[in-house]
Each structure stands twice: as structure tokens, then as C-alpha cells.
Amino acid sequence: MKQVFKVVKCGEAFTVKSEKAESGVLHKRSIVLQEPGSKFENQYAASLLGNSALCNFYEGDLVYAALRFQTREYNGQVFQDITVTDIIKLGK
């Protein structure tokens, strides 16, 4: 899914261990994005990874983002992960 979103909330960046990263650690940050329209439009709680997690986004910022939706099974339960694969701040 690729479209314009409004930032509802952006958490603090932190690092996690990752065997896939060259340095052995990966930057991560949580972000809540909302589709444009009324205050009742769909919202998505997603993860920013890598260099994108080091960028600061603030409530009300407009961004163009690509989201990747994945599901995984753990202990008999299914979980959905949403990852921001690309994000560009619009405006200022």
C-alpha cells in the first residue's frame, strides 16, 4: 500500500539486535499513520526500520509512505506486522 498519510504518533528510536544488519544492530521506531480524511479514517501502527527510524516525524506531518503487511504464526496464534518500507515527508 502506497499513499499519503498523516502522522498521528511517532515513538522514540531504539536499537535491536539483528543478524541481517552488517553492524549487528538495527534501528527501530514505532509510528501511527492515518489515511487522509476525517478523524475516523483508518489508522496503521507500523515499524520504521534502519535509517528511516532515525528520522524525526511529528504529529500532524504529512508523509508519503509505502507499507508492507505480513502475517506470522507464533505458538498457534497469528500476528500481523506492518512495516514502512519507504517514507517521504511532504511539505516543509
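The model is predicted, so local features need pLDDT of at least 70 and side-chain atom pairs count only at pLDDT 80 or more, while totals for chains, interfaces and linings use all residues. Residues are numbered from 1 along each chain as its sequence is written, and side-chain values use heavy atoms, with hydrogens and water left out.

Start with the charged pairs. A search of the whole structure finds two salt bridges. A salt bridge here is a side-chain nitrogen of Lys or Arg within 4 Å of a carboxyl oxygen of Asp or Glu. One joins Lys89 to Asp61, with the closest N and O atoms 3.5 Å apart. This pair links distant parts of the chain, its residues being 28 apart. Lys89 sits in strand 6 (residues 77-89), and Asp61 in the loop between strand 4 (43-49) and strand 5 (62-74). Strands (E, at least two residues) are DSSP runs, numbered from the N terminus.

How covered are these partners? Relative accessible area is judged with a 1.4 Å probe and protein chains only: buried means under 20%, exposed over 50%, and partly exposed in between. Lys89 has 36% relative accessibility, so Lys89 counts as partly exposed. Asp61 has 17%, so Asp61 counts as buried.

The other bridge pairs Asp81 with Arg72, and here the closest N and O atoms are 2.8 Å apart. Asp81 is partly exposed at 27%. Arg72 is also partly exposed, at 42%.

Next comes the nonpolar surface. Val4, Leu62, Tyr64, Ile88 and Leu90 make a nonpolar patch of about 390 Å². Patch residues have over 30% relative accessible area and no salt bridge; nonpolar side chains (Val, Leu, Ile, Met, Phe, Trp, Tyr) are joined within 5 Å, like charges within 9 Å. Areas come from the Shrake-Rupley method with a 1.4 Å probe, and for residues only the protein chains shown count as cover. Val4 lies in strand 1 (residues 2-10). Val4 is partly exposed, at 32%.

Now the largest pocket. Its volume is about 230 Å³. A pocket is an open set of points on a 1 Å grid over the protein atoms alone, where a 1.4 Å probe fits, with protein on both sides within 12 Å along at least five of seven lines; lining residues have an atom within 4 Å of a point. Points are joined across faces, edges and corners, and the volume is the space filled by probe spheres set on them. Strand 3 (25-34), strand 4, strand 5 and strand 6 each supply at least two lining residues. Strand 6 gives the most, with four. The lining includes Asp81, Lys28 and Ser47.

Ser47 is in strand 4. Ser47 is buried, at 17%. Beyond neighbours within four places in sequence, Ser47 is in contact (heavy atoms within 4.5 Å) with Lys28, Arg29, Ile82, Thr83 and Val84.

Finish at Asn75, in the loop between strand 5 and strand 6. Asn75 counts as exposed, at 67%. Its phi is near 50°, a positive value in a residue other than glycine. Most residues other than glycine have a negative phi.
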